[in-house]
Amino acid sequence: MSFPVGHPARSRFCLPLVRYSQEGMATTPNNKATGGSGFVYLPLILGWLVPGAGHFLLRKWGRGALLAVSILGMFTIGIAMQGKLYAGAHDILEMLGLAGDLGNGLLYFVSRAAGWGADQITVTTGDYGTRFIVVAGLLNVIAAVDAHNLRTGRKA
Amino acid sequence: MGSPSHFTAVLLFALFASVVFGITQRETPRRMVRYGLYCFVLFVGSAIVLSWAMYLIAR
């Protein structure tokens, strides 16, 4: 059923439906949350390179600190458990592991350069440590994308 | 540096992952805390349930 514009029944029946359909959408950009002008991908790149840095750039100090502590903590525990840092991509599993490790950004490259982590898993907890390192990288990617969403105003 | 026990590793994993999930997947601080706690309970709870299930299957 449709009513012409200005008809009293239109506002009574049609508009609530329109309002309801807009309420369910989460795509409206929130311009208040944008972090000023500049390169829009900077929080994403900085957040990937250094855990929490993307949020720090946007002056989200508390969130950035919690993210940094969580990701750095997980990575450090993984290294302490003698987890393996993936270096090559000989098969599909190593390729996925390497992709996860690369999510750690500078942490991965510094650790490789410093020779941290195990080349081969020799202790029982090493396998857990390897997963900790990979998951730390994946969580860092999520955090960096969150910083990007804050920058673009997609998230408050 | 000593390695944590298996259960301590589960707790640490759940804690760190829940903090990141809570911050990134919700918008307000209150909802972040609630979702983080929810994820933590699910992580630890599912680990305990699966551990008992595997223990009972292996008997």
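## A helical chain and its partner

In this predicted model, the secondary structure of chain A comes to 7 helices and 0 strands, so that reading along the sequence gives the pattern α-α-α-α-α-α-α. Chain A has 156 residues, of which 40% count as buried. Among the contacts in chain A with a separation of 6 or more, 71% are accounted for by residues 24 or more positions apart.

### The nonpolar core

The largest nonpolar core holds 23 residues, and those that touch the most other members are Ile71(A), Met74(A), Phe75(A), Leu85(A) and Leu139(A). At least two residues of this core are supplied by each of α4 (61–80), α6 (106–114) and α7 (124–152) of chain A, and likewise by α1 (6–25) of chain B. Met74(A) gives an example of contacts made in both chains: leaving out residues up to four places away in sequence, Met74(A) touches Phe132(A), Val135(A), Ala136(A) and Leu139(A) in chain A, together with Phe13(B), Phe16(B) and Ala17(B) in chain B.

### Where the two chains meet

Between the chains, 22 residues of chain A are in contact with 18 residues of chain B. The area buried between chain A and chain B is about 1800 Å², and carbon and sulfur atoms give 78% of that area. Of the area that chain A buries against chain B, 23% is supplied by Ser70(A), Leu139(A) and Lys155(A), which is more than any other three residues supply. Leu139(A), named here, is also one of the core residues that touch the most other members.

As for specific pairings, the count between chain A and chain B is 0 salt bridges, while 3 residue pairs, both residues at pLDDT 80 or more, are in polar contact. On the side of chain A that touches chain B, α4 and α7 each supply at least two residues, and α4(A) gives the most, with 10 residues. The residues on this side of chain A divide into 15 nonpolar, 3 polar and 4 charged.

| Residue | Relative accessible area | Class |
|---|---|---|
| Gly78(A) | 0% | buried |
| Asn140(A) | 0% | buried |
| Thr124(A) | 64% | exposed |

Gly78(A) lies in helix α4 of chain A, and it counts as buried because its relative accessibility of 0% is under 20%. Leaving aside neighbours within four places in sequence, Gly78(A) is in contact with Gly83(A), Gly129(A), Phe132(A) and Ile133(A). The C-alpha atoms of Gly78(A) and Val135(A) are separated by 9.6 Å, although these residues are 57 residues apart along the chain.

Asn140(A) lies in helix α7 of chain A and, at 0% relative accessibility, counts as buried. What does the side chain of Asn140(A) reach at 2.8 Å? That side chain reaches the backbone oxygen of Gly103(A). Not counting residues up to four places away in sequence, Asn140(A) touches Gly47(A), Trp48(A), Pro51(A), Ile71(A), Gly103(A), Asn104(A) and Gly105(A).

Thr124(A) is also found in helix α7 of chain A, yet this residue is exposed, because its relative accessible area of 64% is over 50%. The C-alpha atoms of Thr124(A) and Val50(A), which are 74 residues apart along the chain, are separated by 30 Å.

Terms used: Residues are numbered from 1 along each chain as its sequence is written. Chains are lettered from A and ligands numbered from 1 in the order in which they are written. This is a predicted model: local features need pLDDT of at least 70, side-chain atom pairs count only at pLDDT 80 or more; totals for chains, interfaces and linings use all residues. Side-chain values use heavy atoms; hydrogens and water are left out. A nonpolar core is a set of buried Ala, Val, Leu, Ile, Met, Phe, Trp, Tyr and Cys residues joined through side-chain atoms within 4.5 Å. Buried means under 20% relative accessible area, exposed over 50%, partly exposed in between (1.4 Å probe, protein chains only). Helices (H or I, at least four residues) and strands (E, at least two) are DSSP runs, numbered from the N terminus. Contact means heavy atoms within 4.5 Å. Buried area is the accessible area (1.4 Å probe) that two parts lose on being put together, summed over both. A salt bridge is a side-chain nitrogen of Lys or Arg within 4 Å of a carboxyl oxygen of Asp or Glu. A polar contact is a pair of N or O atoms within 3.5 Å; within protein, one must be able to donate a hydrogen and the other to accept it, and residues adjacent in sequence count only if both atoms are side-chain atoms. Ala, Val, Leu, Ile, Met, Phe, Trp, Tyr, Cys and Pro count as nonpolar, Asp, Glu, Lys and Arg as charged, and the others, Gly among them, as polar.
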